[in-house]
Amino acid sequence: MLIEDDKSKKRNIFEFLISKGVIEKDIVIAESMTDFTTNLNKDIGLFIIDLKLPNFDKGEASQNGRAILETIIKSSKHESLLLAISSYPDEFPLLREYYESHGCILSDYSNKKGWQSTLEHLLIQLKKNITFDFLIFCALREERNPYITLLSGKKVNRRGIDFYDVDIDGLKGSVILLPEMGLVNASIISGVCIDRYKPSVVGMSGICGGFSDNAELGQLLVSKMAYEYQAGKWTDDGFRQEAYQVPTDNNTLTNLGILIDRDDFLVELESGSNLKGPTESHKPKLSVFTSGSAVISQESKLTEIQSFHRKSSGLDMEVFGVHRAAELSITKPSCICAKTVVDLCDSNKSDDLHLYGCYISAKFMILAIKNHFLSQ
């Protein structure tokens, strides 16, 4: 937020921000105290403060430096960066102790190189402190590709992780491609990203195997609970499984159930695509997922895995990891995972439904995220 009423000073700071790669729509301008307080509910990562500001539009500027900073502090913007750029450095001694005790840097506007250098440093720090409303994880490139078709965005490399930054109805998020598929990669990358970017909701979309007793080819499965089939102990009598499982929270699950029960919801998911689908259509359903690190095609092993939970529907390599990362995080975002069944966990594997499955699961995730925030 740029808090400034002087036209020339405001233009110079604004142009400097643009020159450093800040997107124009991400700059909130406050020319009065009423502008400032009206926009405080927005997600502001950096406040650029003028010490003298009118109380109302077209009013006379007055000393509001302390009031502005005190309001920011009381608004719980503890993690926001703070910089005061003033044309009146003679007033700094009156505010220095209060400002610096709250981490706000004071800069003299007449020292152009000084305030520009400080502001550039804060912008670099701000890029590291970026937050998102939502994050979606994909294990395969083909699982992320539909988002590039469905949503305009920008690919970004953040500390070696492949992000595709997107906007859904004003919500800021990113679709992250895991470096490799598997439970370990999903757990570590989703855990790191949740901790760094503090999303309100995380999700995963893509394709999976399905157990023929509880799933159909081409059916979208929405996770209501996930467990790891590998957790347990091998003994002389065989494998004794331990029930490490994570449920989707009840409020999110209720909203997802209402969403998939909408009339013609599958038609809505398939719209906009002429991809080859299953010979017979099946409604999406809430399901139990089981995850492990290995691709399984041995029938006896699959029967053993399914026996751990009689209602298991989907078998994949990542969903449990994303669920568990969300559950263990400090911020505890809601977790929405959905994958399309492209084989029935047997040796008859084919790529025929891969593109269709990736598309409808991505389409579902976009609709589910919209629905999640509308339901808050």
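The model is predicted: local features need pLDDT of at least 70, side-chain atom pairs count only at pLDDT 80 or more, and totals for chains, interfaces and linings use all residues. Residues are numbered from 1 along each chain as its sequence is written, and side-chain values use heavy atoms, with hydrogens and water left out. The chain has 12 helices and 19 strands. Helices (H or I, at least four residues) and strands (E, at least two) are DSSP runs, numbered from the N terminus.

**Overall make-up**

- Along the principal axes, the C-alpha atoms of the chain fill a box of roughly 80 × 50 × 35 Å.
- The chain has 376 residues, and 49% of them count as buried. Buried means under 20% relative accessible area, exposed means over 50%, and partly exposed lies in between (1.4 Å probe, protein chains only).
- Among contacts in the chain with a separation of 6 or more, 72% come from residues 24 or more positions apart. A contact means heavy atoms within 4.5 Å.

**Helix α3 and its partner α4**

- Two packed helices are described by the angle between their axes and the distance between the axes.
- Helix α3 (residues 65–74) packs with helix α4 (residues 92–101) at an angle of about 10°, and their axes are 10 Å apart. Axes are lines fitted to C-alpha atoms, for helices over the stretch in contact, and angles run from 0 to 180 degrees between N-to-C directions.
- α3 and α4 are therefore roughly parallel to each other. Angles under 35 degrees count as roughly parallel, over 145 as roughly antiparallel, 65 to 115 as roughly perpendicular and the rest as oblique.
- From α3, Gly65, Arg66, Leu69, Glu70 and Ile73 meet Leu95, Tyr98 and Tyr99 of α4.
- The residues of this contact of α3 with α4 divide into five nonpolar, one polar and two charged. Ala, Val, Leu, Ile, Met, Phe, Trp, Tyr, Cys and Pro count as nonpolar; Asp, Glu, Lys and Arg count as charged; the others, Gly among them, count as polar.
- Gly65, Ile68, Leu69 and Ile72 are the buried residues of α3. They cover an arc of only 90° around the axis, so they sit on the same side of α3. The arc is that of the directions from the helix axis to the C-beta atoms.
- Serine 76 follows α3 and has a positive phi, near 65°.

**Salt bridges**

- Side chains of opposite charge can pair when their charged atoms come close. A salt bridge is a side-chain nitrogen of Lys or Arg within 4 Å of a carboxyl oxygen of Asp or Glu.
- The count by this rule comes to 16 salt bridges.
- Glutamate 31 and lysine 10 form a salt bridge, with the closest N and O atoms 2.1 Å apart. Glutamate 31 lies in the loop between β2 (29–30) and α2 (33–38) and lysine 10 in helix α1 (residues 7–19), so the pair ties together parts 21 residues apart in sequence.
- Glutamate 31 is partly exposed, at a relative accessible area of 35%. Lysine 10 counts as buried, at 15% relative accessibility.
- Aspartate 316 and lysine 339 meet through their side chains in a salt bridge (2.8 Å, N to O). This pair links distant parts of the chain, 23 residues apart: aspartate 316 is in strand β18 (residues 312–316) and lysine 339 in strand β19 (residues 334–343). Aspartate 316 and lysine 339 are both buried.
- Arginine 262 and glutamate 268 also meet in a side-chain salt bridge (2.9 Å, N to O). Arginine 262 is partly exposed at 35% relative accessibility, and glutamate 268 is partly exposed at 28%.
- A network of salt bridges links Glu4, Lys9 and Asp50.

**Positive phi in loops**

- Lysine 198 is not a glycine, yet its phi is positive, about 50°. Lysine 198 sits in the loop between α7 (183–197) and β12 (201–210). Its relative accessible area is 35%, partly exposed.
- Aspartate 264 has a positive phi near 55° and is likewise a residue other than glycine. Aspartate 264 sits in the loop between α8 (250–260) and α9 (265–270). It is exposed, with a relative accessible area of 59%.

**Around aspartate 35**

- Aspartate 35 is in helix α2 and counts as partly exposed, at 22% relative accessibility.
- Leaving out residues up to four places away in sequence, aspartate 35 touches Ile29, Ala30 and Asp57.
- Aspartate 35 and isoleucine 3 are 32 residues apart in sequence, and their C-alpha atoms are 8.7 Å apart in space.
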